[in-house]
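Here is a short briefing on one protein chain. Take a look at the structure first, then work through the points by topic.

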Amino acid sequence: EWSYKNTSLIAQSYMLAATSHELATTPMEGFDPRRAMEVLRIPDRYAIPLMVATGYDYDEPSETPTPRLDLKDIVFEDEFGAPWRK
């Protein structure tokens, strides 16, 4: 829908503005929009196309690094599963 596409542009502007005020942001995926609407008491005539987490960045990195996949498992060339050559 048209409004969902425009929401991405607004979110980008919001994230840039927040960064200029030394706030960290990240768009969120995998949330339950129906549950969010219930918790936030948003009427059914509205929708939540995306969420943006906003807060202050950590001064120090986490002591426990998060696991990362190897590039060979997530980057492909020409088609899915084809090894990527630099």
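Arg45 sits in the loop between H2 and E2. The model is predicted, so keep in mind that confidence scores come with it. The chain has an average pLDDT of 89.

- Arg45 counts as exposed, because its relative accessibility is 71% and the cut-off for exposed is over 50%.
- The side chain of Arg45 makes a polar contact with the side chain of Tyr46, at 3.2 Å.
- Arg45 and Gly81 are 36 residues apart along the chain. Their C-alpha atoms are separated by 42 Å.

**Confidence**

- In this chain, 100% of the residues score at least 70.
- Among the elements of the chain, strand E2 (residues 51-55) has the highest mean pLDDT, 95.
- H3 has the lowest mean pLDDT among the elements, 86.

**Helix H1**

- Leu16 has its place in helix H1, which covers residues 2-20.
- Leu16 is exposed, because its relative accessible area is 58%.
- Leu16 and Phe31 are 15 residues apart along the chain. Between their C-alpha atoms there are 22 Å.

**Salt bridges**

- Side chains of opposite charge can pair when their charged atoms come close.
- How many salt bridges does the structure hold? There are three salt bridges.
- Arg35 and Glu38 are joined by a salt bridge between their side chains, at 2.8 Å from N to O.
- Both residues belong to helix H2 (residues 33-40). Arg35 and Glu38 are three residues apart there, so about one helical turn separates them.
- Arg35 is partly exposed, with 44% relative accessibility, whereas Glu38 is exposed, with 54%.
- Lys72 and Asp73 form another salt bridge. Their closest N and O atoms are 3.3 Å apart.
- Lys72 counts as exposed at 61% relative accessibility. Asp73 counts as partly exposed, with a relative accessible area of 41%.
- Glu77 and Arg85 also meet through their side chains in a salt bridge, at 2.9 Å from N to O.
- Is Arg85 buried or exposed? Arg85 is exposed, because its relative accessibility is 60%.

**Aromatic pair**

- A pair of aromatic rings is described by the distance of the centres and the angle of the planes.
- The count comes to one aromatic pair.
- Phe76 and Phe80 form this pair. Their rings are 4.7 Å apart, centre to centre.
- The angle between the planes is 55 degrees, and the pair is tilted.
- Phe76 counts as partly exposed, at 27% relative accessibility.
- Phe80 counts as exposed, at 75% relative accessibility.

**Nonpolar surface patch**

- Which residues form the nonpolar patch on the surface? They are Leu69, Leu71, Ile74 and Trp84.
- Together, these residues have about 440 Å² of accessible area.
- Trp84 lies in the segment after helix H3 (71-74).
- Trp84 counts as partly exposed, because its relative accessibility is 42%. Partly exposed covers values between the limits for buried (under 20%) and exposed (over 50%).

Technical notes. Residues are numbered from 1 along each chain as its sequence is written. This is a predicted model: local features need pLDDT of at least 70, side-chain atom pairs count only at pLDDT 80 or more; totals for chains, interfaces and linings use all residues. Side-chain values use heavy atoms; hydrogens and water are left out. Patches are made of residues with over 30% relative accessible area and no salt bridge: like charges are joined within 9 Å, nonpolar side chains (Val, Leu, Ile, Met, Phe, Trp, Tyr) within 5 Å. Accessible areas come from the Shrake-Rupley method with a 1.4 Å probe; for residues, only the protein chains shown count as cover. A salt bridge is a side-chain nitrogen of Lys or Arg within 4 Å of a carboxyl oxygen of Asp or Glu. Helices (H or I, at least four residues) and strands (E, at least two) are DSSP runs, numbered from the N terminus. Buried means under 20% relative accessible area, exposed over 50%, partly exposed in between (1.4 Å probe, protein chains only). Rings of Phe, Tyr and Trp (its six-membered ring) pair if their centres lie within 6.5 Å; planes under 30 degrees apart count as stacked, over 60 as edge-to-face and the rest as tilted. pLDDT is the predictor's confidence in each residue, from 0 to 100. A polar contact is a pair of N or O atoms within 3.5 Å; within protein, one must be able to donate a hydrogen and the other to accept it, and residues adjacent in sequence count only if both atoms are side-chain atoms.
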